[in-house]
Amino acid sequence: MRAQSSATAPPAIAVATPGRESHGFGTLQAALGVVAFSLTFPATAWGLEGFGPWSLVAVRSVLAALIAGSALLALRVPLPARRHRPGLTVVGAGVVLGFPLLTTLALETSTTAHAAVVVGLLPLTTALFSALRVGTRPSRTFWIAAFAGAAAVLAFTVQQSGGALTTADLYLFAALLVCAAGYTEGGRLARVMPGWQVIGWALVLCLPLTVPVASIALAHEPVQLSAHSVTGLLWVAAGSQFVGLVVWYRGMAAIGIPKASQLQLAQPLLTLVWSVLLLGEHLTVAAPLTAAAVLVCIAVTQRSRG
């Protein structure tokens, strides 16, 4: 395979896809991506019923890399240019390894509802990284709404944790930082290659690390296969980390970033619903109220990014 030329590769979001796909089908694909992401935490909780945290994350990454690698080979996608590989390394460190590992460690002691509210701050954290890395200049209204959302999540976290942050909370806040860095670098790379290829190559590049870690973890952590644990593992590998991203980026290309972003506002609230339906968790009043407050703050930021 030859190196990919950034001079000839069209930007992922600028491709004129509306002529090939209806607006309604694009909206459906973006919505399916949001649903896939909203199931990540409940699926992780199921996976932890039968796998240790390191085994779950490493095997998840290996399986997702095999799916991504097969797609890249089948479509004869050229290798990314050498200058893009440092950026792909950041994506791999943040999205493929860091975020899944830190959130999985957090979910060993935290409820999915609590984690969903905290991680609902991710779009705002990503905006901050984007301003620092890419040089975007959001408006003052944007930053007021962003800090209001952050304050709401921090207040919720401290209140739920009895007045002090727990280890799980620290994992979740660290997950926000590394994932925001990965999303920001991935968004920059998506200007020169399709978004699904960004995550695909990041997964493949992590294989030299994830394969040995998976082997070691499986040998040292107990494994108890069950319908829940296997379903959870397969979902986070195939649904969350690859297929979900494919339909999300295709939908985003069809309907545009602003409309797709509005759909993603429902993700934390959807996760709260799944936590009740699939895990039987009991929500405190603060959880949906805080999620709704963050949703409003993010909606304000979406309308004032300029």
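Which residues does glutamine 267 touch, not counting residues up to four places away in sequence? In this predicted model, where residues are numbered from 1 along each chain as its sequence is written, local features need pLDDT of at least 70 and side-chain atom pairs count only at pLDDT 80 or more. Totals for chains, interfaces and linings use all residues, and side-chain values use heavy atoms, with hydrogens and water left out. Glutamine 267 touches Val34, Phe37 and Ser38, where contact means heavy atoms within 4.5 Å.

Valine 35 is located in helix α1 (residues 23–38), and its C-alpha atom is separated by 8.7 Å from that of threonine 271, 236 residues away along the chain. When neighbours within four places in sequence are left aside, valine 35 is in contact with Leu270 and Trp274. The relative accessible area of valine 35 is 31%, and the residue is therefore partly exposed, given that buried means under 20% relative accessible area, exposed over 50%, and partly exposed in between (1.4 Å probe, protein chains only).

The secondary structure as a whole comes to 14 helices and 0 strands, with helices (H or I, at least four residues) and strands (E, at least two) taken as DSSP runs and numbered from the N terminus. Of the 306 residues in the protein, 50% are buried. Among contacts between residues at least 6 apart in sequence, 89% join residues at least 24 apart.

Helix α7 (residues 140–160) contains 21 residues and reaches 30 Å from its first C-alpha to its last, close to the 30 Å expected at 1.5 Å a residue; the expected span is 1.5 Å times one less than the number of residues in the helix. The buried residues of α7 are Phe142, Ala145, Ala146, Gly149, Val153, Phe156 and Thr157. Viewed down the axis of α7, these buried residues fall within an arc of 110°, so they line one face of the helix, the arc being that of the directions from the helix axis to the C-beta atoms. On the other side of α7, Arg140, Ile144, Phe147 and Gln159 are exposed. The helix is followed by glycine 162, whose phi is positive, near 80°.

A positive phi is also found in a residue other than glycine, namely arginine 76, where the value is near 55°. Arginine 76 is placed in the loop between α3 and α4 (85–107), and with a relative accessible area of 73% this residue is exposed.

Turning to charged side chains, the structure holds 1 salt bridge, defined as a side-chain nitrogen of Lys or Arg within 4 Å of a carboxyl oxygen of Asp or Glu. The partners are glutamate 185 and arginine 188, whose closest N and O atoms are 2.6 Å apart. Both residues lie in helix α8 (residues 167–189), where they are 3 residues apart, about one turn of the helix. Glutamate 185 counts as buried because its relative accessibility is 7%, whereas arginine 188, at 26%, counts as partly exposed.

Arginine 60, in helix α3 (residues 53–74), is buried yet has no salt bridge, and the nearest side chain of opposite charge, that of glutamate 221, is 13 Å away. Apart from neighbours within four places in sequence, the residues in contact with arginine 60 are Thr40, Thr44, Ser55, Pro100, Leu233, Val236, Ala237, Ser240 and Gln241.

A search of the whole structure finds 1 aromatic pair. The rings of tryptophan 196 and phenylalanine 242 have centres 6.4 Å apart and planes at 80°, so the pair is edge-to-face. Rings of Phe, Tyr and Trp (its six-membered ring) pair if their centres lie within 6.5 Å, and planes under 30 degrees apart count as stacked, over 60 as edge-to-face and the rest as tilted. Because tryptophan 196 lies in helix α9 (residues 195–205) and phenylalanine 242 in helix α11 (residues 227–255), the pair ties together parts that are 46 residues apart in sequence. Tryptophan 196 is buried, with a relative accessible area of 16%, and phenylalanine 242 is likewise buried, with a value of 7%.

Definitions and conventions:
Lys, Arg positive; Asp, Glu negative; His and termini not counted.
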